[in-house]
Each structure stands twice: as C-alpha cells, then as structure tokens.
Amino acid sequence: MPAKPPEGRSVKSDATAAPHGAADGHERAKDFLTEAEVARLLDAAKAGRHGVRDHLLLLMMFRHGLRVSEATALRRDELDLDRARLWVRRLKGGLSVEQPIAGDELRALKRHLARRTDALPWLFVSERGQPLTRQTVNYLLAAAAGRAGLPPVHPHMLRHSCGFALANKGYDLRLIQDYLGHRDPRHTVRYTRTAARRFEGLWR
C-alpha cells in the first residue's frame with residue numbers, strides 16, 4: 001500500500017472545518033456520515049488490497065469514535081475477546097474507558113487476527129510490520145470513499161459520525177460524552193443539539 005496520500009490531499013483531521021474557526025454545529029458544513037453512508041464505506045473498504053484489515057479499522061473508528069491516532073495506537077493486549085471488550089485509551093486528555101464489542105465487530109476482529117502471522121503488539125500494522133501512519137489511514141479512507149461514491153471523507157468524520165449516530169438513537173448527552181471520552185460537555189452538545197431525532201413529531 002502506498003505510504004503517502006494522493007497529491008494535494010490534506011491529512012489533517014479538521015479538513016472540513018468552517019473558516020474563521022466556527023465551532024458550532026449550525027455554522028459548519030456537514031462533517032459526518034449517516035449510518036447508511038458508513039455502511040457503504042465499510043463495504044467499499046473490503047474491496048481494497050488489505051480489505052479485512054481496512055474494513056475492521058474503519059468499523060472500529062466509527063463504532064468507538066476513535067481519533068486516527070487512537071486507532072493506529074490500538075494494541076492487541078487492549079482486547080478481551082472472551083468478554084467482547086475493548087479498552088479505549090483516549091488521547092488529548094480524554095477519559096479512557098472500556099467499551100463493548102458488538103457481534104459483527106467481534107467476528108471481524110477474529111478474522112483479522114486469524115490472518116496475522118506475526119507477534120507484533122499493534123492491532124493494525126503495515127506490510128513492513130509497523131503501526132499504520134496517519135497518512136496511510138487517510139489514503140485508504142479516501143480510496144474506500146471513492147469506491148463507495150462518497151464525497152471526500154477524512155478520519156475525524158468517523159468520530160463525528162459515531163456521535164451523531166448515538167444522538168439520533170436517543171442517547172443522552174452524558175452517555176455520549178463518556179463514550180467519546182470528552183472531559184468537557186461542550187464538545188458533545190453539538191451531537192445532541194443538531195440530531196434530527198429531537199425534531200421528530202413536531203408536525204404531527
């Protein structure tokens with residue numbers, strides 16, 4: 001897999017942020033995927049050269065709201081497959097927590113690990129036996145988005161997509177805050193405030 005992203009593509013996680021530092025959800029362009037779009041992206045990831053690995057990587061980034069640096073730092077010893085649990089080590093001063101692993105994710109994990117013949121500690125490795133880089137994740141994500149017919153997607157959109165999906169399922173602010181590891185609820189409120197579910201039934 002090429003180690004660098006396509007020409008001219010930014011590798012920053014905030015590539016779609018609005019100008020002038022706008023932070024509110026209503027001042028931003030849409031910077032998340034719907035669950036249907038995520039499903040298309042995950043299916044497209046399977047068609048890549050390392051489809052089993054790449055599908056699992058993007059699935060875990062979405063399901064656990066992982067930053068790209070958190071995903072590439074995942075280690076095998078942070079998995080408990082018997083209990084279907086993952087220790088999520090948050091960066092940027094976030095709250096680290098243990099999270100459940102759903103059945104489809106658990107099966108994808110077992111498929112991925114069954115193909116590994118090395119004893120390296122990282123969950124996701126390159127052909128050279130090194131942890132995946134941010135640039136590589138950007139590249140494989142861009143390739144999967146292209147195959148899925150989606151507009152450009154950057155890694156942090158999967159974290160946002162997790163937050164919006166949970167809000168649309170009706171979960172409250174505090175639960176989403178803890179799940180994403182936010183210390184400050186102001187980083188979480190955008191998901192619950194702009195979720196379409198809040199407005200359902202207004203015109204009945």
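The exercises below, each with a worked solution, concern a predicted model.

**Exercise 1.** Compare the end-to-end reach of helix 5 with the expected value, then find which of its residues are buried and what they pack against.

Solution. 
1. Helix 5 covers residues 134-147, which is 14 residues.
2. At 1.5 Å a residue, 20 Å is expected. The distance from the first C-alpha of helix 5 to its last is 20 Å, close to that value.
3. Buried means under 20% relative accessible area.
4. Just after helix 5 comes Gly-149, with a positive phi of about 70 degrees.

**Exercise 2.** Why can helix 6 be called largely enclosed by the rest of the structure?

Solution. 
1. Begin with the length: the 13 residues of helix 6 should span 18 Å at 1.5 Å a residue, and the end C-alpha atoms are 19 Å apart, which agrees.
2. Next, count the buried residues: 12 of the 13 are buried, so helix 6 is largely enclosed by the rest of the structure.
3. Among the buried residues of helix 6 are His-156, Arg-159, Cys-162, Phe-164 and Ala-167.
4. Now list the neighbours. The buried residues of helix 6 pack against helix 1, helix 2, helix 3, helix 5, helix 7 (173-180) and helix 8 (189-194).

**Exercise 3.** Describe how helix 2 and helix 4 pack, and which residues meet.

Solution. 
1. Helix 4 spans residues 103-114, and its axis lies 10 Å from that of helix 2, at an angle of about 145 degrees.
2. The crossing of the two helices is left-handed.
3. From helix 2, the residues in contact are Val-52, Arg-53, His-55, Leu-56, Leu-59, Met-60 and Arg-63. They meet Asp-104, Glu-105, Ala-108, Leu-109, Arg-111 and His-112 of helix 4.
4. Sorted by class, this contact has six nonpolar, two polar and five charged residues.

**Exercise 4.** What is the strand order of the open sheet, and which strands are at its edges?

Solution. 
1. The sheet has three strands in the order 1-2-3, and the pairing is antiparallel.
2. Strand 1 (79-80) and strand 3 (97-100) are the edge strands, since each pairs on one side only.
3. Strand 1 pairs with strand 2 (residues 85-88) over two bridges.
4. Asp-80 has Arg-85 in strand 2 as its bridge partner.

Terms used. Residues are numbered from 1 along each chain as its sequence is written. This is a predicted model: local features need pLDDT of at least 70, side-chain atom pairs count only at pLDDT 80 or more; totals for chains, interfaces and linings use all residues. Side-chain values use heavy atoms; hydrogens and water are left out. Helices (H or I, at least four residues) and strands (E, at least two) are DSSP runs, numbered from the N terminus. The expected span of a helix is 1.5 Å times one less than its number of residues. Buried means under 20% relative accessible area, exposed over 50%, partly exposed in between (1.4 Å probe, protein chains only). Contact means heavy atoms within 4.5 Å. Two strands pair if DSSP finds at least two bridges between them. Axes are lines fitted to C-alpha atoms, for helices over the stretch in contact, and angles run from 0 to 180 degrees between N-to-C directions. A crossing is left-handed if the near helix is turned anticlockwise from the far one by less than a right angle, and right-handed if clockwise. Ala, Val, Leu, Ile, Met, Phe, Trp, Tyr, Cys and Pro count as nonpolar, Asp, Glu, Lys and Arg as charged, and the others, Gly among them, as polar.
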